[in-house]
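Student: I would like to go through this structure and ask what stands behind each term. Please set every value against its definition.

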Amino acid sequence: MKKVFALLMAACMLLSGVSALADEAVTLKIAHIGPTTGAAALYGLATLHGAEIAAQEINEANGAFKIELINEDDEHNVEKVINAYNAALDAGAQMILGTTTSKPCEAAGAQGYTDRVFFLTPSASSTAVIEDKDNVFQICFTDPNQGSASAQYIAEHGLGTKIAVIYNNADVYSTGIRDTFVAEAAEKGLEIVSETTFTDETTDFSVQVADAQNNGAEIVFLPMYYTPASLILKVAADKDFHPIFFGVDGMDGILGVEGFDTSLAEGVMLLTPFVATATDEKTVNFVTKYQKAYGEIPIQFAADAYDGIYILVAAAEKAGITSGMEPEEVCDLMIAAMQEISVDGLTGSMTWDESGAVTKTPMAATIVNGEYVFE
Amino acid sequence: MTKAKRNRLIYNIVTFALVIGAFLLLQSMIANKSITRSLKGQLVPICCWVVMAVSLNLVIGISGELSLGHAGFMSVGAYTGAVISGWLLNAHGVDNTTLRLVLAIVAGGMAAGVMGALIGIPVLRLRGDYLAIVTLAFGEIIRNLVNVLYVGVADGRLTFSFLNKSMPEGVTMLVDGAKGAVKIKPISTFTAGFVLILITLIVVLNLVNSRAGRAIKATRDNRIAAESMGVPVTKYKMMAFVTAAALAGMAGALYGLNSSTVVPTQFTFNQSINVLVFVVLGGLGNVLGSVISATLLTVLPEMLRAFSDYRMLVYAVVLILVMIFTNNPLIRSVLSSAVAPIKRALRGKKQGGETA
């Protein structure tokens, strides 16, 4: 009876905005869903490890919240993700941190929309993940938003005004980013002087690069994955053409391309929310702990998931979530709270609107001496 | 009634009884809410994989041809089902989910059946392992084709394209290239899956035990002897193959409409092999075995979630153990002696019923 009374008191205090007594901390049951086995395990393990570090920090801090992390593997499979999701709810999960990859997130998020379960995905970036669902929120930019974010970054940092765009017109990722980039560039008074296309089969980029060069581009925007980008850099070097090359997250990995002379990538800029070599206190703390626990350098996905746990706690505090609250109840409270909070994380300062898309300051890294660094 | 006939009857009764019994048990569990979310979520996929396994068994076990592209037929069914359902909803405003589901499943089965016929006509005339090679290629080709297929519905009309750019204004995309079939309204139900299993069992068991079925088995056991008896080999092999393809297409439509999205990567060569494993483990030509093994092997990885990342390792070990045990003569004799009294009882009852 006493315990019930104490719990009730704690709940009342929380609701009235007073922080709960430390010994009556609220336990949040959060399920991480991502591929921890299979071909995409690299990403799923990164988000799991990032989340584990954040959960450990929060539990050690003995604050108003305790985190109980449940992990379910979805194998990056649209059928298995539903099983993982159901297993997580059977295990008592109140909310989901996930899923890590886009396609499974689309399927699980839709199921969660019907069942009323709250999702916060660290890294599923396609627009379909949040479309037509009020229960899914993103930490990363949606694919097309990277285009407008890039244009914003270029304009705000005064990198140049004459821009050439080379994009893959057979690829949704590439065309999606290009469309929003061009629209935002017009708003910001940037001039697109050259626009050329290629397809998945293209191996010779001399026409596209020559067009950019002849039109006097100061910046060449490359919304594509790193493989074609590496070929473009090679051609540009051969033509003695040295503008600023600006890429998006698909460019992350260009330093690892086999047989690619990494000196060609010197000075290339890319939009990324996290760089492990950054020297700010938060990043150093995270990278040190991560390396100690898992013996490797964290990638962007890990940082997203680390922020994810802190975002969930911030939203839960705002929403007044209590231990053992049902997922259905949690969902609507969290949706409302997410739109009111603002979180300062590893990957920037973030706010959300009702669509579930994140608003944060775009950050760009530059490749210097074969490493990604922030300006 | 001959002994063989009686055994067959008992086998069929046991098969149907098991399926119907399992369905009733699960329905009652759903009704009194004693079922876990995890199991409930797997019911429709289980039904799909059972139909897939039974239909593949028709090709491999009964007609003796190796098919390695069964997932290809499933994807044809899944995509057709998703398009038909989306089209009926968006263009014709058909709100009745049962009607949409039935039409989608029928269309999925027909589309896959036509594909099966197109492949079967040239290949089943040949002797040897050509069907395995061609179905393998078919599975991959279909997957690559749907990877660049765009289907949209605008103004009540379906638009197909292999180039995203040529879609009209205001289009609602149903199939979006590499993103797969999108924004599907999930309408599959466990009852629909159960009915599909019953239909599959009725079709397959009737076919196997009919005149045509005996001809199919004759072509499997000795092609030359069957031919010299005047059995048209190609015709009967086609019958089995096209039936199996159509059933796989129906399972695919049910599978596709169970999720909000379907992607080409779900229907890879690995998936075909997975179904092959169900069939081999259940026993070639053993329909009941396929039903049981497809069910157990679909549920097993989920039951092994406690082993977290090692569960596929455990899964593989379980597969090997099952293979060893079911082929061990000692264990087989123990099993059959355990089953014998039940068989006798059933037989006695049947005979009693006849004499009464």
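Student: Which residues in α5(A) are buried, and what makes a residue buried?

Tutor: In this predicted model, the buried residues of α5(A) are N145(A), Q146(A), G147(A), S148(A), A149(A), S150(A), A151(A) and I154(A). A residue is buried if 20 or more other C-beta atoms lie within 10 Å of its own, exposed if 12 or fewer, and partly exposed in between, with C-beta atoms placed from the backbone. Helices (H or I, at least four residues) and strands (E, at least two) are DSSP runs, numbered from the N terminus.

Student: What covers the buried residues of α5(A)?

Tutor: The cover includes α6 (172–187), β8 (219–222), β9 (244–247) and β10 (269–271) of chain A. Contact here is between residues whose C-beta atoms, placed from the backbone, lie within 7 Å.

Student: How do you know that the span of α5(A) agrees with its 12 residues?

Tutor: The expected span is 1.5 Å times one less than the number of residues. For the 12 residues of α5(A), residues 145–156, that gives 16 Å, and the end C-alpha atoms are 16 Å apart, so the two agree. After the helix comes G158(A), with a positive phi near 55°.

Student: Why is D132(A) called exposed?

Tutor: D132(A) has 11 other C-beta atoms within 10 Å, so it falls in the exposed class. D132(A) sits in the loop between β4 and β5 of chain A; its phi is positive, near 60°, and it is a residue other than glycine.

Student: What makes T37(A) partly exposed, and what does T37(A) touch?

Tutor: T37(A) has 18 other C-beta atoms within 10 Å, so it is partly exposed. Not counting residues up to four places away in sequence, T37(A) touches D73(A), E75(A), D309(B) and M312(B).

Student: What makes the bond from G98(A) to T99(A) cis?

Tutor: Its omega is near 0°. T99(A) belongs to the loop between β3 and α4 of chain A.

Student: Why are α2(B) and α6(B) called roughly parallel?

Tutor: They pack at an angle of about 15°, with axes 8 Å apart. Axes are lines fitted to C-alpha atoms, for helices over the stretch in contact, and angles run from 0 to 180 degrees between N-to-C directions. Under 35 degrees counts as roughly parallel, over 145 as roughly antiparallel, 65 to 115 as roughly perpendicular and the rest as oblique. The pair is therefore roughly parallel.

Student: How are the residues and chains labelled?

Tutor: Residues are numbered from 1 along each chain as its sequence is written, while chains are lettered from A and ligands numbered from 1 in the order in which they are written. In this predicted model local features need pLDDT of at least 70, side-chain atom pairs count only at pLDDT 80 or more, and totals for chains, interfaces and linings use all residues.

Terms used. Two residues are in contact if their C-beta atoms, placed from the backbone, lie within 7 Å.
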